[in-house]
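The questions below ask how the terms used for a protein model follow from its values. Each answer sets a value beside a definition and then draws the conclusion.

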Amino acid sequence: MCRSIKTLRPPVLPDEATEEEIRAAALQYVRKVSGFRAPAAHNREVFDRAVDAVARATSELLAGLEVRGRV
């Protein structure tokens, strides 16, 4: 879907993903889905809420994943 979103789970990212990395991925996703790189002022609030929601969902996903074979 969006090739600029990097994989955030181990072993691709050896350490835990940072909040900054998670937010950057969420922003890329919302930009892709909405078609806006930077929303107009009248869309800013809903755009920012979507980024927050995607970042929360991403954090929950990463926290719940079990990566097998990891030392």
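Q: Why is T18 called partly exposed?
A: Buried means a relative accessible area under 20% and exposed means over 50%, with partly exposed in between, using a 1.4 Å probe and protein chains only. T18 has a relative accessible area of 40%, and therefore T18 counts as partly exposed. T18 lies in the segment before α1, and the C-alpha atoms of T18 and L8, ten residues apart along the chain, are separated by 8.9 Å.

Q: What kind of model do these values come from?
A: This is a predicted model, in which local features need pLDDT of at least 70 and side-chain atom pairs count only at pLDDT 80 or more, while totals for chains, interfaces and linings use all residues. Residues are numbered from 1 along each chain as its sequence is written, and side-chain values use heavy atoms, with hydrogens and water left out.

Q: How many helices and strands does the protein have?
A: Helices (H or I, at least four residues) and strands (E, at least two) are DSSP runs, numbered from the N terminus. By this count the protein has two helices and zero strands.

Q: What makes A55 buried or exposed?
A: The relative accessible area of A55 is 11%, and so A55 is buried. A55 lies in helix α2.

Q: Why is S59 called partly exposed?
A: S59 has 32% relative accessibility, and therefore S59 counts as partly exposed. S59 lies in helix α2, and although S59 and L8 are 51 residues apart in sequence, they are 9.9 Å apart in space, C-alpha to C-alpha.

Q: Why are α1 and α2 called oblique to each other?
A: Helix α1 (residues 19–34) and helix α2 (residues 44–64) pack at an angle of about 125°, with their axes 8 Å apart. The axes are lines fitted to C-alpha atoms over the stretch in contact, and angles run from 0 to 180 degrees between N-to-C directions. Angles under 35 degrees count as roughly parallel, over 145 as roughly antiparallel, 65 to 115 as roughly perpendicular and the rest as oblique. The two helices are therefore oblique to each other.

Q: Which residues of α1 and α2 make the contact?
A: From α1 the contact takes I22, R23, A26, L27, Y29, V30, R31 and S34, and from α2 it takes F47, A50, V51, D52, V54, A55, T58, S59 and L62.

Q: Which residues make up the largest nonpolar core?
A: A nonpolar core is a set of buried Ala, Val, Leu, Ile, Met, Phe, Trp, Tyr and Cys residues joined through side-chain atoms within 4.5 Å. The largest such core has ten residues, namely L8, L13, A17, I22, A25, A26, V30, F47, V51 and A55. Both α1 and α2 give two or more residues to this core, and the largest share, four residues, comes from α1.

Q: How many residues does the protein have, and what percentage of them is buried?
A: The protein has 71 residues, of which buried residues make up 20%.

Notes. Contact means heavy atoms within 4.5 Å.
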